[in-house]
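Hi,

Here is the structure you are taking over. Please open it first, then read my notes below.

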Amino acid sequence: MIRHITFLSFFFILLVSCGQTKFVGYEPSNMSTILPEPVEGAFAQNVILLVGDGMGLSQITAGLYSNGNKLALEQFKNIGLHKNYAYNDLITDSAAGATAFSCGIKTYNGAIGVGPDTLGRYTILEEAEDRGYLTGMVTSSTIVHATPASFIAHNESRRNYEEIALDFLKTDIDLFIGGGNKFFARRTDEKNITEKLKAKGYYMSNYFDEELTDIDVKAHKKIGYLTADADPLSVEQGRTYLPVAAKKALEFMEHHCTEDQGYFLMIEGAQIDWGGHANKGNYIVSEMIDFDKVIDIVLEYTKQHPETLVIVTADHETGGLAINKGSTMNNLDMKFTSDYHTGDLVPVFSAGPQSDLFLGFYQNTDIYHKMRTAFGWLKDSKI
Ligand code: MG
Ligand code: ZN
């Protein structure tokens with residue numbers, strides 16, 4: 001009998017541990033250190049925009065409880081909400097969602113840095129370049145995927161990856177890290193964009209030639225690092241580079257920017273969205289925690305560099321995720337209403353100079369205008 005019970009309870013524990021989400025929790029650093037108060041009226045020298053693709057409140061909640069009820073994100077005091085519908089659809093995609101952030105316009109789903117008329121619009125990253133700021137983008141998708149593409153390219157369709165890669169030759173972005181090597185170096189038109197970027201002065205590297213950790217970001221003024229041939233792996237499959245890339249990007253910006261030349265940096269946690277499309281709770285949680293590690297790194301940086309405005313938001317929610325009755329903190333019952341995006345409002349977290357602009361309720365396009373205001377660019381508009 002006892003042997004039976006032991007056997008049964010062993011079996012039970014095995015069952016529970018299979019069904020239960022087990023995550024190697026991470027400890028956010030210095031949660032007790034308060035973020036610096038912005039100096040009244042001072043503009044932001046640097047703006048860091050962190051986009052958790054598909055990160056609605058349920059994704060944040062799931063990440064929070066699965067990480068032992070602690071996220072670096074909790075340090076933010078300023079919280080707002082944005083309306084993320086697209087020009088032609090109440091349910092936005094990531095292209096229209098990112099173009100709202102990058103150009104300040106509502107456009108159709110699939111549009112990359114273009115308006116409803118398919119004509120290109122000036123992006124905040126291009127304007128930052130023109131004004132002499134440093135610029136950078138880091139993502140856990142390909143670098144030509146909808147979110148980063150909308151800041152640097154102009155295309156009527158998000159699916160034209162090779163054309164989007166060509167647009168990297170038209171701007172002077174200083175640092176980019178993400179997947180998609182094949183769209184640069186193994187193209188159907190046999191152009192080699194990697195070689196062309198090298199000729200433009202970029203230090204180009206990739207996952208099969210060099211570890212990201214081995215790159216001396218202080219030694220190169222322009223860097224492109226491709227983390228995968230196509231889409232990068234998920235965290236569950238072993239991807240670890242996003243927090244490393246965030247550190248590298250900050251080190252790069254800090255070293256190369258000057259007193260009167262700030263920077264614009266966009267970092268994307270791209271695969272929270274992919275977990276939502278797949279309706280996989282563990283996928284969402286592992287990507288959410290990974291993205292929070294990036295938030296932790298950025299917040300620790302801003303504690304030392306209070307001239308930096310940090311914004312954390314999403315383009316939309318993905319999956320219609322809910323955390324259901326019967327859930328415990330260690331075992332969430334996560335259910336989905338969709339395998340696509342939903343129309344939920346999404347939160348905006350902000351800290352640093354001009355972060356009060358991001359309080360309240362506004363359009364996704366206002367994030368663009370607020371970032372420009374925060375930089376102090378409204379005084380001498382170049383548009
Ligand atoms: Mg994305
Ligand atoms: Zn999506």
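**What I found**

The largest nonpolar core has 54 residues. Leu-50, Phe-76, Tyr-263, Ile-267, Ile-295 and Val-312 have the most contacts inside this core. A nonpolar core is a set of buried Ala, Val, Leu, Ile, Met, Phe, Trp, Tyr and Cys residues joined through side-chain atoms within 4.5 Å. Buried means under 20% relative accessible area (1.4 Å probe, protein chains only). Helix 11 (residues 281-304) gives the largest share of the core, 11 residues. Helices are DSSP runs of H or I, at least four residues, and strands are runs of E, at least two; both are numbered from the N terminus. Another core, of 45 residues, lies apart from it, with Phe-101 and Ile-311 among its members.

This is a predicted model: local features need pLDDT of at least 70, side-chain atom pairs count only at pLDDT 80 or more, and totals for chains, interfaces and linings use all residues. Residues are numbered from 1 along each chain as its sequence is written, chains are lettered from A and ligands numbered from 1 in the order written, and side-chain values use heavy atoms, without hydrogens and water.

Asp-273 sits in helix 10 (residues 272-277) and His-341 in strand 12 (residues 341-342), 68 residues apart. Both Asp-273 and His-341 are buried.

Ala-245 lies in helix 9 (residues 241-256). Ala-245 is buried, at 0% relative accessible area.

Best wishes

How values were computed: Buried < 20%, exposed > 50% of the residue type's maximum accessible area, 1.4 Å probe, protein only.
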